[in-house]
Every structure is written in C-alpha cells, then in structure tokens.
Amino acid sequence: MGPLIVNEIISPNTNLLIAMLIGIGFGFVLESSGFSSSRKLAGMFYGYDTTVLKVFFTAAITAMIGMLFFSLFGWIDLSYVYVNPTYLTSAMVGGAVMGAGFIIGGFCPGTAFCALSIGKLDALAFIGGLVLGIIFFTEGYPMWEDLYKANFMGTPTMNELLDIPRGIFALGLILAAFAMFWVGEWAEKKFPREEY
Amino acid sequence: MKMRLILASVFIPLGIIIAAVPENTTKPFRLTAGELLNEIHEGTQFISTDQIADMLVQKDPSLQLIDVRTQAEFEKYSLPGSVNIPLSDLLSEEWNDFLDQGVKMNVFYSNGNLKANEAWMITRQLGFKNNYVLQGGLNYWAETILNPQAPKSVLADDEIAKYDFRKGASAALGGGNAVVSNSNESNTAKPPIVKKKKKKKVAGGC
C-alpha cells in the first residue's frame, strides 16, 4: 500500500499539501514544547535542560516503531522509503559545524523559523546567518566538492552496518533512548540553572 | 518521572515484539487466485499482432518484446528488438529489472500462446505490471503479418485496409519470403531499463 506517492495512491501535489499540513503541525509542536527558546536549546549542551534530546528521541523511536509495525502488517514497503545517502566525511564535518552553530546561535534551522514566527529577533539574526552560510556553501562549492563527496557509503542503515536484524536494532535503540533520558534527567539535576 | 514510566511500558514491549517477529519481506501487491482467474478469463493480457506490427514499424520505444522460447529457437528467428528470456530462466535475478518495471510494455511471445501465457501468469502472480502476451504467438504473426492473405474483394473496407497495413508491415519487417533470419538485427544488446523506483524527495532535517 505505502508509500502513498511511490505507489501512485496520491499525486505529488497532494503529497505537498499533506507535507504542508504536517509541517504546520511540526512547527506547532516545536513551539509548544518550548523549542523557540534558544536557552532551552543551548541547555542541551550545558546539561541544564535536555528537552531537545527527549523530544527528538521520542519522535524518532515513535516513528521507527510505527514504520516497523506498518511494514509488519504490509501497509508500507520499506524498500521504497527514501534513505539519505551517507557521505561520512561531510556528515562529520557538517555535524560539527551544525553543532557549533547550535550552541552559539541557540537554534537549529527548524526552531529558528519557529522562533521567528513568534517574533524573536535573535532568530531573525540566526536565519540571516543561515542564509549567509547557504550562499557561502553554494558559491564556494567547487572548493569543498572533494570534501563533500568523500567517503561515500551508499545508503546503508545502521542495522545493515552492524549486521543485526532490524527489529533487534530497534529494541536496542529504544533501550538506549530510555537510558539517555535517564542520563539527561540526572544531568538536569546535576547542572541546574535557576532561570532561563 | 511518571511520564517516562508510561512511555517505557509502551515502547519497550513494542520493541520486544518487533525484535521477535521476522521482517516482512513480502511484496504487498499480489493477485489472489480468483483475481488471476478473472484476468485470464477476460484475456486482457493479449495484444494483437497488428498492434505489435504497428508499434514495431513506428519504432515505439515503450515496446519490449520478450522471447520466452529456448535460446536455439531464438537464434533461429526472433522479432526485431526482442530479448530472449527462456521460460526456465524467468525467475532468475538477472531478468528481474526487465520484468518488474513500470516504464516499458513487455510483450511475451513464443510459437503459440502457451509458453508466453505461462510466463505472463507467473509474472502477474508476482505482482508485476506491464506484461502482455502476443496473441497467437509467432505462428499467428507469420500468418497475419509476414504472409498476409488478401481478403475477398466483397469484404468490408476496413478488412481491406487491414490487409494493406499488413502488407506494408510485412515489407517493413522482412516478411514476404516467409521466415527469414534477421537475427543480426535482433540480437542487439539489452536496452537499458529504468528501475521502477521513482525519485523521492530528500527528507529535511530539524
């Protein structure tokens, strides 16, 4: 049955419409979880607030369990689901750049737009930096093309790399998520901050 | 604290279930026996020799003829642009991209209907689309396209028009002097097949 667009159950335009509705919902949930506060986001790094970890990891394991059960019931063919190609070097370099920007700016790209929508000027400045970064990257692309395309690994998934069954990996990830939630809440007690 | 316990009591059992069950690798689209019987009964898989001749003359790029006879028979005579997938090799991995695709119109043919229809039934049961059967096979092809018989002059105009078309197609497709070998043209390399997986949009980050 699924994915709906690959099996031509819905048209690409319907897909865009659904994407817009999901996007609005996503932004709403981001804002209502307090993700438009840059202090909350930076708190992930300093340890006084680990909401980011909890929200995104919960989202990830919910989606993972959902997809695996959909596949089990034959509602979706997971081989048609897009998997991002892995360029290991650029993933690491990009991860470091993104992480540094996250701590310095206090937003990630999605939450910056979320914060801008409720009128935060620091988010506007952050988006300005984001646009500059995009221009810098695209205009200078020939300079980093080699780095960008280094260590191409195809589209592996974690369980394929580790060579364990998909379900076992899923269970492991769920247990890891709960362990991280526990560590996160321990960190919140260990590095409390009165007001932020 | 309480929230985490609730979440844990939902997610961990689900995780254990998903770890315990085998991965579902079945293709979702398969026909039931009843649906297949219905399709056979209606005969929607058959493509007429005239239609194939027309597509061949016009060099329709969407047509992919597939010869399901043995290799020896294929080398002796085959239709232009066809590939040879002997019935016994039908399920080999090598041909999967040919048979399971959404771009070209595959037409199976053999000497008669039988082998081609068997190939069609197998691929149809696997859920592959765009596979058809040349009605009557090569025997009927030779009878209608290569050596068309002139209709009686009392017949309707469209019969005569059909004969004229067949005569033209026969000349274009090397007919007239019965079954000649034109294998030097037909043994071309496999045409590239675009895989069925359609392009997908890159998913965004956070």
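A crossover is called right-handed if, with the strands pointing away from the viewer, the path from the first strand over the helix to the second runs clockwise. The views below come from a predicted model, in which local features need pLDDT of at least 70 and side-chain atom pairs count only at pLDDT 80 or more, while totals for chains, interfaces and linings use all residues. Residues are numbered from 1 along each chain as its sequence is written, and chains are lettered from A and ligands numbered from 1 in the order in which they are written.

**View 1. The β-α-β unit of chain B.** Strand β2(B), helix α4 (residues 71-76) of chain B and strand β3(B) make a right-handed β-α-β unit; helices (H or I, at least four residues) and strands (E, at least two) are DSSP runs, numbered from the N terminus. Two bridges join β2(B) to β3(B), and these strands run parallel, with D67(B) standing opposite N84(B) in β3(B).

**View 2. The open sheet of chain B.** Five strands form an open sheet with parallel pairing, in the order β1-β5-β4-β2-β3 (chain B), where two strands pair if DSSP finds at least two bridges between them. The edge strands, each pairing on one side only, are β1 (46-47) and β3 (83-84) of chain B.

**View 3. Strand β2 of chain B and its partner β4.** Strand β2 (residues 63-67) of chain B is joined by five bridges to strand β4 (residues 105-109) of chain B, and the two run parallel. Q64(B) stands opposite N106(B) in β4(B), and D67(B) stands opposite Y109(B) in β4(B). In a regular strand the side chains alternate between the two faces of the sheet. Both faces of β2(B) are covered, since L63(B), L65(B) and D67(B) on one side and Q64(B) and I66(B) on the other are all buried; a residue is buried if 20 or more other C-beta atoms, placed from the backbone, lie within 10 Å of its own. Five of the five residues of β2(B) are buried, so this strand is largely enclosed by the rest of the structure.

**View 4. Helix α4 of chain A.** Chain A has nine helices and zero strands. At 1.5 Å a residue, the 18 residues of helix α4 (residues 88-105) of chain A should span 26 Å, and the end C-alpha atoms are 25 Å apart, which agrees; the expected span is 1.5 Å times one less than the number of residues. G106(A), whose phi is positive, near 80°, follows α4(A).

Key
A residue is buried if 20 or more other C-beta atoms lie within 10 Å of its own, exposed if 12 or fewer, and partly exposed in between; C-beta atoms are placed from the backbone.
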